[in-house]
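Let's walk through this one together, question by question. Have the model open beside you as you read.

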Amino acid sequence: MAASAFSNAFLSPVTLPSNPKSISFQPKFPLLKFPNTRSHPSLTKTTTFCSSDAANAPQHDTPIELRYPAFPTVMDINQIRDILPHRFPFLLVDRVIEYNPGVSAVAIKNVTINDNFFPGHFPERPIMPGVLMVEAMAQVGGLVMLQPEVGGSRENFFFAGIDKVRFRKPVIAGDTLVMRMTLTKLQKRFGIAKMDGKAYVGGEVVCEGEFLMAMGSE
């Protein structure tokens, strides 16, 4: 009786053909249908990033060449030449971008492959010599020293000494060297000044030290 109930519930009457292998069963209950995930309205597209840096990177509509403003100009190269006695190939300051009279100055040096020291330092790996970074920073210090606020004169300006100089990273062709020189001590009677200097590339310190400057007065 149990077998008869099972047969009535799930199977339709069957006619046995002459060939037993051709027997077919037709279930009365409906077939289960599963949703197609490709067309399911509740599914949304997602973007997969290969790294956290790519996922966190800001999305910009502005072209990269329009995204970054130029450095400001407080003194251009002609004004710098009016103050510093240096000339090619040893004028290593291109622009002053900040100036506090008698206190500090921030200037830049655009390092290019056309700089005359690169053919020899080094032919296969162009690196700006550390001594020239120090010289460039001293020239920025000169822009502070050779101003009326400090009492200096371009007729007599010397780089007197350096201390605690450290080179943190190499500076290569294509970099922009940003140099800040700050006056920390001034002895007008002897024409001696002490300055702290730091040079940056991309916001990272590449060179730093203490500078001693000597100057004359008119």
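Q: In what order do the six strands form the open sheet?
A: This is a predicted model, where local features need pLDDT of at least 70, side-chain atom pairs count only at pLDDT 80 or more, and totals for chains, interfaces and linings use all residues. Residues are numbered from 1 along each chain as its sequence is written, and side-chain values use heavy atoms, with hydrogens and water left out. Strands are DSSP runs of E with at least two residues, helices are runs of H or I with at least four, and both are numbered from the N terminus; two strands pair if DSSP finds at least two bridges between them. With antiparallel pairing, the order is S1-S2-S4-S5-S6-S3.

Q: Which strands stand at the edges of the sheet?
A: Each edge strand has a single partner strand, so one side of it is left without a neighbour in the sheet. That applies to S1 (95-100) and S3 (157-167).

Q: By how much are neighbouring strands of this sheet turned against each other on average?
A: Axes here are lines fitted to C-alpha atoms, for helices over the stretch in contact, and angles run from 0 to 180 degrees between N-to-C directions. For the average over neighbouring strands, direction is ignored. The value is 20°.

Q: How many bridges join S5 to S4, and over how many does S5 pair with S6?
A: S4 (residues 176-187) runs antiparallel to S5, and Met181 has Gly197 as its bridge partner there. S6 (residues 204-215) also pairs with S5 in the antiparallel sense; here Met195 stands opposite Phe211, and Lys194 has Leu212 as its bridge partner. The counts are nine bridges for S4 with S5 and ten for S5 with S6.

Q: Which residue takes a positive phi in the hairpin of S5 and S6?
A: In the hairpin of S4 and S5, with four residues between the strands, Gly191 takes a positive phi near 65°. The hairpin of S5 and S6 has two residues between the strands, and the positive phi near 60° belongs to Gly202.

Q: At about what angle to S6 does helix H4 run?
A: Helix H4 covers residues 130-145. This helix lies across S1, S2 (104-110), S3, S4, S5 and S6. Its angle to S6 is about 55°.

Q: Is Ser104 buried or exposed?
A: Ser104 lies in strand S2. Contact means heavy atoms within 4.5 Å, and, not counting residues up to four places away in sequence, Ser104 touches Tyr99, Val144, Arg180, Met181 and Thr182. At 3% relative accessibility, Ser104 counts as buried.

Q: How far apart in space are Val106 and Thr182?
A: Val106 also lies in S2 and is buried, with a relative accessible area of 5%. Among the residues Val106 touches are Ile97, Val178 and Met179. Val106 and Thr182 are 76 residues apart in sequence, while their C-alpha to C-alpha distance is 8.8 Å.

Note on methods
Buried means under 20% relative accessible area, exposed over 50%, partly exposed in between (1.4 Å probe, protein chains only).
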